[in-house]
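I opened the structure today and kept notes as I went. The entries below follow the order of my look-ups.

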Amino acid sequence: MDLSEVLAVPIAEAARLLSLSPRTVASLVATRELRSVKVGRRRLIPKKSLEDFLRCDHKAAEVRT
């Protein structure tokens with residue numbers, strides 16, 4: 001898929017583009033770290049959201065022992 005041609009992608013495609021699991025992307029959407037829109041029953045991630053997410057400084061998750 002050529003990202004320059006699309007306005008938004010589903011979670012599975014966003015995960016592939018970000019090299020993350022779909023579950024991680026869904027968690028980012030749930031915590032509003034990654035903006036999304038709901039269209040009917042589908043959840044889409046706008047291209048701009050992916051670009052903005054990659055520009056942000058993301059802290060590594062703490063590992064609890």
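**Notebook: a helix end and two loops**

I started with Ser19, which lies in the loop between H1 and H2. I kept in mind that this is a predicted model.

I checked the backbone of Ser19 next. Its phi is near 60°, a positive value in a residue other than glycine.

Is Ser19 buried or exposed? I looked up its relative accessible area and found 66%. The cut-off for exposed is over 50%, so Ser19 counts as exposed.

Leu18 has a relative accessible area of 12%. Buried means under 20%, so Leu18 is buried.

Which residues does Leu18 touch, leaving out those up to four places away in sequence? I listed Val25, Leu34, Leu50, Phe53 and Leu54. I followed up one of them, Leu54. Leu18 and Leu54 are 36 residues apart in sequence, yet their C-alpha atoms are 8.4 Å apart in space.

I went through the rest of H1. Its buried residues are Ile11, Glu13, Ala14, Ala15 and Leu18. I noted what covers them: strand E1 (8–10), helix H2 (22–30), strand E3 (42–46) and helix H3 (47–55) are included.

My last entry is on Arg32, in the loop between H2 and strand E2 (37–39). Arg32 is not glycine, and its phi is positive, near 65°. Its relative accessibility is 76%, so I logged Arg32 as exposed.

Note on methods:
Residues are numbered from 1 along each chain as its sequence is written. This is a predicted model: local features need pLDDT of at least 70, side-chain atom pairs count only at pLDDT 80 or more; totals for chains, interfaces and linings use all residues. Side-chain values use heavy atoms; hydrogens and water are left out. Buried means under 20% relative accessible area, exposed over 50%, partly exposed in between (1.4 Å probe, protein chains only). Contact means heavy atoms within 4.5 Å. Helices (H or I, at least four residues) and strands (E, at least two) are DSSP runs, numbered from the N terminus.
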